[in-house]
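Work through the exercises below with the sequence and the model open side by side. Each task is followed by its solution in steps.

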Amino acid sequence: MSATGSMLGVVADFAGEEILHRIQRIAAERTIGTPVAYVAPPRRSADDLVGTWSDSILAKLPRAMSPELMCRFARTPEFIALTRMLIAVDIVAEGTAPKRRIMSSVGAALEDFYRGLPGVNRPGSSSVAWQSNPEIFTPVFGQAFFTQMDEQCARAADNIKHRTRSTQDAHRWAFSIVATDIMNSISTSLEYLTRDVARRTSLDWVDRYRMLFTANHREITSPDLHVRRTVDYTDLFVGPTVFRLDTKSMRPHTGRQPDLNADTFTRFYTAIDRSVLVGDPGGGKSTSSTVAALELAREYNLVPFIVVLRELEEPEFHLPTLLSNLLHRRYEIEASAESIMKLLHEDSALIVFDGLDEVFNNADRAHLAKKIESIAKAYQFLKILVTCRKIGYATAALNPQLFTAYEIGSFSERRIETYVKQWFSVQPDVRSDEVVHAVRDFMEQSTGMRDLTENPLLLAFMCVLYRGLGTIPEDRASLYEKCIELLLSERDRHFRIVVDIPNVATTKTALARLAHFELDRETITGFTEQAIVDELVPFLAERTFASRQQAEEFVHAMLARCRGRAWIFTDIGLDRNDRDLFTFTHASFREYFGALYFVRTHQSVHAVVDHLYPLVTAGKSEIYAQVCCALFEERSLAGASDVIAAMVDKLRGDFPASRHSTYSDMRGRSADESRRMTKRRVGAAYLAGIANCVPLSTAAMRSLLRFALEQLTFDDSAAVARLLDPVSKHHQAIIELLAEDFTKNIVELPAEPTTRRQLWFAIHARYLLAAPGPAVIKPRAVVAINQVTLAVGPYLRKFAGNLDIEYVMLLQSGHADLDQFTGLSEVRFDKVFVFLFEQYVSPLSTLGPTSMAEWIFDSFASHRRSVMPVARVAMFLRCFEAGLREQLKSLGAHSIPDHPAVAVDHFDYFPLLKRVAGYAVECRTALLFLVAARVELNEKLVPSVPVTPRATVAEWARDLRVAPDLAAWLDLWAQDRKDLWSPPPQVAE
């Protein structure tokens, strides 16, 4: 709230929040070094704004205007939008001309508001000037109102600048982008913000539409065997974990993340501004976006629209016209494009663009991405949410300067159990006393199948199969097959009933043909019944039936069975000519049957590779490719292995390793090279996903593993993480191959950078667990990798004599011993001591520590210490303390490192000291000496930065009861009678 509590100040603060949050978000995206995952606070409602009016305004109020009516006007979307524009003008200091235009529009809006009040005579025409009707508005009132509004907006602008004060270019750039974009929209927005302010008659359709939207979308489909069942979303929907996504690495953002045990879904939808929600197929993107729209409409009176992108006839469209047609066609609402335009220019609407990845044509997908960006720039206050599959997002990513990316995380075990309980609770044939037993038995049977139950769509299918068959399939391919068999055989084990139906195999053939036909089309809008008959009858008559009449009878019978079911293939509504439309209920089923058709009509490895390769490099239709390979494996011995091995060779040949070291280093990289490396990254992760669904030969597995390990060269661990997932069917074999390769190549470690990077990843994979947000790699996979690093320890010991990166890996892999620190000459110990604070060049620039000191401090200070290598660090500290004790008499005056690992920012030592207090005295003592060395290094190299006083370090040593002789040395050091470092060399002027 403003300092004065005036209504104009309250509104200015409220309007400024939107600008502030957008600046902070954009600045966080652009920050170089350690990025910050900006988390917006929950959205507030304008209805909650309360304030007072100054005496100068109250004394000059127009006739029939009261403080209460003025408050009503101040809460209107039009006035809040105009206030936000005025704040943007103050931020960029654009002078008085834009202010005069905005103030004139405020006057016109207030005049329109006044004349829309009951009982006020409204002339046929009027000027927008305040002076146009002296009986209604007076220049004196206008001057007082404008003066105070200008003051409050200027104060709000200063407050925004103060709250985002930073010397970083990112903040200055964000100020420029946000404020300038708002400024650029002024000319087109003012026209719509000054009309129909009080009565809003042009928007009299909004309340009815919001009611119909809620009625149409609050029921979500629950898969069932016999009927299309819908359930109120409040009875079934389980809010997923939603976290910020770094679109460069496609990993959880490395900055601060929300508490994953909290209600992150609510935080997500209340903070929607310009947002992208990505996730895996069946992960709940569409359902979550619909629920977000419903909740925003209910809590904040936003007007939601859902545009299914695959249903667009053209990628180029006029948004108000598109929405007008959508309201007419889907909701029987007549709303003019002009009235919708007014809504879009206010802070009153949300548009969900659902399924960017489902636009099959790559050119259209890229064009739509640009179109959505243009819409964001044209309507500055419009809330936009775009959904897309994660693996395909990189090929048509929206500009991160405009859009914040979020990812739907996998269901946690708690959310899985909650969903299963709610699913059984809404089943009409499951008694309340049976729910507890069903949930417990389901959770027990699904143990070890977390990769399936983590996906909401597959979890729903598994619930249906459990109820219908009393068992759960073991993998994704079997899951789809069982789903289809259960539906098509019409078997209900609960009632022991089998209904006479058309041939199951023929039905699968027919659906396979339809899926192939639909996947070949540019857009997926469904089939009319006649189109299905025209497509299937000649196809089946030629291959399956003796006559055309038999084929036609079969097709009509099949459609009769599919009508009204929300299972695999069903009717979805009417086309423009009021004809029934049919399509697959989910893209996953369309992809399954499309894959079935392809494999039945193509027999060679070459044909499968040529067909799937464009999907692999584009990250599209992953389930389709998985099923293709699984079905091809059934038809051809080792067929999936041959396909994957051939695909790896093709990726290597088409996208050779870049001369740049990382994906994140874009400097000097051409657009073509960047695209090639993106395709290589997407392809590697894609093939790792396919591998989890099919049997693999040792040769194919080794080829894929080595290709995934090569990706570590480019700071890309996505493929390796997928292969090492403990629930992967090849997990143990992958670990064995990894150990075999490391052992074989370790002798060439210094001369072989690829092996060095791979071993560095194995040693420091746990850093991926310590990062905020959901882990990229599973803890059990890290444990398995650690076993590999222990196995190669004996081979690393040959590098113990050299103070280089191999020596670092020896120590950090847990192979420190007393011989490396005791019995050393003074010169050798000096070199070892200095090396602990020397910054080295990491084999993988974005993974692991950059100095031994950082490795030690991070391990004890990390907020996720349970996953850090504390045991390895403790082993190192014990050995290092023995060396300190031997060298105590001559300890000190070490040479300053050439590239010192100084802590420029203030480091909080208290968590570190608190955690080390429970360790052996040798560990406590060695750590205090390292703290002292770091403090003194900062003293000497960055004297302008405040550091912890030496006396405080000595006091810590006493509190931790370190070894008496070493504590005495630290006391002398605290009195400046001893130094650990020599003075830094003087730089010649």
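**Exercise 1.** In this predicted model, find the partner with which R155 forms a salt bridge, and state how far apart the closest N and O atoms are.

Solution. 
- Step 1. The partner is D13, and the closest N and O atoms are 3.0 Å apart. A salt bridge requires a distance within 4 Å, and this pair is one of the 31 salt bridges in the structure.
- Step 2. R155 belongs to helix α6 (residues 139-163) and D13 to helix α1 (residues 7-30); at 142 residues apart, the pair links distant parts of the chain.
- Step 3. With a relative accessible area of 25%, R155 is partly exposed, because the buried class ends under 20% and the exposed class starts over 50%. D13, at 13%, is buried.

**Exercise 2.** Locate E295 and R298 in the helices, and decide for each side of the pair whether the residue is buried or exposed.

Solution. 
- Step 1. Both residues lie in helix α12 (residues 285-300), three residues apart, which is about one turn of the helix.
- Step 2. An α-helix has 3.6 residues a turn, so residues three or four places apart point the same way.
- Step 3. The side chains of E295 and R298 meet in a salt bridge of 2.6 Å, N to O.
- Step 4. E295 counts as buried, at 10% relative accessibility, whereas R298 is exposed, its relative accessible area being 56%.

**Exercise 3.** Which residues of α43 are buried, and what do they pack against?

Solution. 
- Step 1. R950, V953, A954, W956 and A957 are buried in α43.
- Step 2. These residues cover an arc of only 155° around the axis, and therefore lie on the same side of α43.
- Step 3. The buried residues of α43 pack against α41 (910-916), α42 and α44 (964-974).
- Step 4. R961 follows α43 and has a positive phi, near 55°.

Key: Residues numbered from 1 in each chain as written. Predicted model: local features only at pLDDT ≥ 70, side-chain atom pairs only at ≥ 80, totals over all residues. Heavy atoms only, no water. Helix = DSSP H or I, 4+ residues; strand = E, 2+ residues; numbered from the N terminus. Buried < 20%, exposed > 50% of the residue type's maximum accessible area, 1.4 Å probe, protein only. Arc of directions from axis to C-beta. Contact = heavy atoms within 4.5 Å.
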